Amino acid sequence: MKKLGVMIIVILAICGGLYAGANQLEKAQGITGENSLNLYNWGDYIDPELITKFEEETGYRVTYETFDSNEAMYTKIEQGGTNYDLAVPSEYMIERMIDENLLIELDHSKIRGLDNIDARFLDQLFDPNNHYSIPYFWGTLGIIYNDKFIDEKAIQHWDDLWSEELTNELMLIDGAREVIGLALNSEGHSLNSKDDDQLAAAAVKLESLTPNVKAIVADEIKMYMIQEEAAAAVTFSGEASEMLWENENLHYVIPSEGSNLWFDNFVIPKTAKNFDAAYAFINFMLEPENAAQNAEYVGYSTPNQEAMKLLPSEITEDEQFYPNEETMKNLEVYEDLGSEYISIYNDYFLEFKMHRK
C-alpha cells in the first residue's frame, strides 16, 4: 500500500510538472487567455490564410479545433471543460442551445459589418433579431450526379433516386435529418414533420430505396464522386461545389419540390473566456474582402451581400449555389424538433441503415 501511495504521489507530481511546463511554454510563446481565441468550427471550413491574417492584424493567437457534427459540437460545449470563445453551429442546434442557456446574448454595439449581411439571412425563426448568432455560410441539400452515367433529365427530383438506373449507384450523406427529410419532401411533406403517419410512411419508402444505396458516408462522398465511384449522391451544396471543381462531369440539382436551406452561424458559448477576441473575429469575418476570400476557398454560399460584389460572376450567377427566388421559396430551415422527435428520426434512420440490402 505504501508503494502504491508513493507511486500516486510521483504520478501527480509528474502531471503537475507537465501542466506547469505547458503553462510556461505558452507564456514563453506569448499565448495567454487575454491574447488567444479558441475557435470551434467544422473541418476545412475556413481559409487558413485568413486565420494568419487575423493573427497578424490583431495580435490574437488562434487555437482552431474542429467537429464533424452539430451533435458532437453540442455535447462538448454542454459538458464544458474546454472554453471555446466562438463556435459555428447550424440553425436547429442554435435554437436548442439558446433554449438551454448555453450561449451569451450578443452585444450588437460591438459588432461592425452586420449591415453587410443580406436581410434574407437575418432575423430567422431560430434566432429572432440575431440576438445570439451571426451568419457565416448558408447552403442547400441536393443531388449531385455524373453525366457520364446519368442523363441530366433523369435526375431532377427526389423520387428520381428510386430509379432502377441507380441500382447500387447512390451514395447518401450520413444524417438522419437529411435522409428522413428527403423522403418526407418526396411525398410533399415538411422536412420538420412531427406527423407520426408521415414519418412512418417515409421510413417505409426509404426501405424501398435500399437496393440503390451503395454507401452511407460523410465527407468521403466528395472523394468517391470525384473519382467516379458512384453515379449520384445526396450532399450539401458546398461539398458539391468542390466536387464540380474537380470533375467537370458532375452537376448539382436542388429538387424543386423542396429541400433544406441551412445556416451556419457564429455564436459565443457561455463558457467563453475572451469576449473581445470573439467579437474581433466576428468583425474580421464580416469584412467584405475577408468574406469573399473565404467563400472562394470554402465553396459555400456567403450571406455577405457586399462580399458578393467582389466574387467572380461565374460564382454569384451560378443558380446551383445561389438559387433564384422561386427555388428559395420551396426550401425549409431545420427546426429543433425536441428530444422526442429527434429520437424518432434517429431510430428510423438507424433502422434504415441496419436493413440496407
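Which residues have the most contacts inside the largest nonpolar core? That is where I would like to begin this presentation. They are Tyr-45, Leu-161, Leu-172, Phe-266 and Phe-281, in a core of 114 residues. A nonpolar core here is a set of buried Ala, Val, Leu, Ile, Met, Phe, Trp, Tyr and Cys residues joined through side-chain atoms within 4.5 Å. Buried means under 20% relative accessible area, exposed means over 50%, and partly exposed lies in between, with a 1.4 Å probe and protein chains only.

Two remarks on the source are needed. This is a predicted model, in which local features need pLDDT of at least 70 and side-chain atom pairs count only at pLDDT 80 or more, while totals for chains, interfaces and linings use all residues. Residues are numbered from 1 along each chain as its sequence is written, and side-chain values use heavy atoms, with hydrogens and water left out.

Leaving aside residues up to four places away in sequence, Phe-281 touches Leu-37, Leu-39, Ile-46, Phe-54, Leu-86 and Phe-266; contact means heavy atoms within 4.5 Å.

Helix H4, residues 91-99, has its own buried residues: Glu-91, Tyr-92, Met-93, Ile-94 and Met-97. Helices (H or I, at least four residues) and strands (E, at least two) are DSSP runs, numbered from the N terminus. The cover over the buried residues of H4 includes helix H3 (70-79), H5 and strand E9 (259-266). After H4 comes Asn-101, with a positive phi near 60 degrees.

I turn now to the open spaces. On a 1 Å grid over the protein atoms alone, a cavity is a set of points where a 1.4 Å probe fits but cannot get out, and a pocket is an open set with protein on both sides within 12 Å along at least five of seven lines; lining residues have an atom within 4 Å of a point. Grid points are joined across faces, edges and corners, and a volume is the space filled by probe spheres set on the points.

The largest pocket has a volume of about 1000 Å³. It is lined by 38 residues, and Trp-42, Asp-68, Ser-69, Ile-173 and Phe-236 are the closest to its centre. Helix H8 (residues 237-246) supplies the largest share of this lining, four residues. By class, the lining has 17 nonpolar, nine polar and twelve charged residues. For these classes, Ala, Val, Leu, Ile, Met, Phe, Trp, Tyr, Cys and Pro count as nonpolar, Asp, Glu, Lys and Arg as charged, and the others, Gly among them, as polar.

The second largest pocket has a volume of about 510 Å³. Of its 18 lining residues, Ser-241, Trp-245, Glu-296, Gly-299 and Ile-315 lie nearest its centre. Two or more residues of that lining come from each of H8, helix H10 (288-298) and helix H12 (313-316). H8 gives the most, with five residues. This lining divides into nine nonpolar, four polar and five charged residues.

How many cavities of 30 Å³ or more are there? The count comes to one, and the largest cavity holds about 90 Å³ of space. Among its 13 lining residues, Pro-135, Tyr-136, Met-285, Ala-291 and Thr-302 are the closest to the centre. Strand E4 (134-146), helix H9 (275-286) and H10 each supply at least two residues of the lining. Ten of the lining residues are nonpolar, three are polar and none is charged.

Finally, the salt bridges. A salt bridge is a side-chain nitrogen of Lys or Arg within 4 Å of a carboxyl oxygen of Asp or Glu, and the whole structure has 13 of them.

One of these joins Asp-174 and Lys-353, with the closest N and O atoms 3.0 Å apart. Asp-174 lies in the loop between strand E5 (170-173) and helix H5 (176-186), and Lys-353 in helix H14 (residues 338-354), so the pair ties together parts that are 179 residues apart in sequence. Asp-174 is partly exposed at 39% relative accessibility, and Lys-353 is partly exposed at 29%.

Another joins Lys-222 and Glu-242, whose closest N and O atoms are 3.3 Å apart. Lys-222 belongs to helix H7 (residues 220-226) and Glu-242 to helix H8, 20 residues apart. Lys-222 is buried at 16% relative accessibility, whereas Glu-242 is partly exposed at 29%.

Lys-309 and Glu-306 also meet in a salt bridge, at 3.2 Å from N to O. Lys-309 is exposed at 62%, and Glu-306 is partly exposed at 26%. Lastly, Asp-118, Arg-120 and Glu-325 are linked in a network of salt bridges.
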